[in-house]
Amino acid sequence: MVIRSNYMNFIRSYFNTPFVKILPDIRRCGKTTLLEMIIEEINLNKRNYLLQLS
């Protein structure tokens, strides 16, 4: 998996906001991979969260 640091830096600033996060884009551009990276980072940094994608 390629770490997309620019995208993650932008999205990371919205982690603790009450807004719904929507990742719109064209098909097959990596939205699910980006979501998996977000989930992994949240699970690593916040011990009381358990998020998974099914």
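**Exercise 1.** Find which side chain makes a polar contact with the side chain of Glu41, and decide whether the pair also forms a salt bridge.

*Solution.* Step one is the partner: the side chain of Glu41 makes a polar contact with the side chain of Arg12 at 2.5 Å, a polar contact being a pair of N or O atoms within 3.5 Å, where within protein one must be able to donate a hydrogen and the other to accept it, and where residues adjacent in sequence count only if both atoms are side-chain atoms. Bear in mind that this is a predicted model, in which local features need pLDDT of at least 70 and side-chain atom pairs count only at pLDDT 80 or more, whereas totals for chains, interfaces and linings use all residues. Residues are numbered from 1 along each chain as its sequence is written, and side-chain values use heavy atoms, with hydrogens and water left out.

Step two applies the salt-bridge criterion, a side-chain nitrogen of Lys or Arg within 4 Å of a carboxyl oxygen of Asp or Glu. Arg12 forms a salt bridge with Glu41, their closest N and O atoms being 2.5 Å apart. Because Arg12 lies in helix H1 and Glu41 in helix H2, the pair ties together parts that are 29 residues apart in sequence; helices here are DSSP runs (H or I, at least four residues), numbered from the N terminus. A search of the whole structure finds 1 salt bridge.

**Exercise 2.** Is Glu41 buried or exposed, and which residues does Glu41 contact beyond its neighbours within four places in sequence?

*Solution.* Glu41 has a relative accessible area of 17%, so Glu41 is buried, the classes being buried under 20%, exposed over 50% and partly exposed in between, with a 1.4 Å probe and protein chains only. Once the neighbours within four places are set aside, Glu41 is in contact (heavy atoms within 4.5 Å) with Met8, Arg12 and Phe15.

**Exercise 3.** Work out which residues of helix H2 are buried and what they pack against.

*Solution.* Helix H2 covers residues 31-45, and its buried residues are Leu34, Met37, Ile38, Ile39, Glu41 and Ile42. These buried residues pack against helix H1 (5-12). As one instance, Leu34 is in contact with Tyr7, Met8, Ile11 and Leu23, leaving aside its neighbours within four places in sequence.

Definitions and conventions: Helices (H or I, at least four residues) and strands (E, at least two) are DSSP runs, numbered from the N terminus. The expected span of a helix is 1.5 Å times one less than its number of residues.
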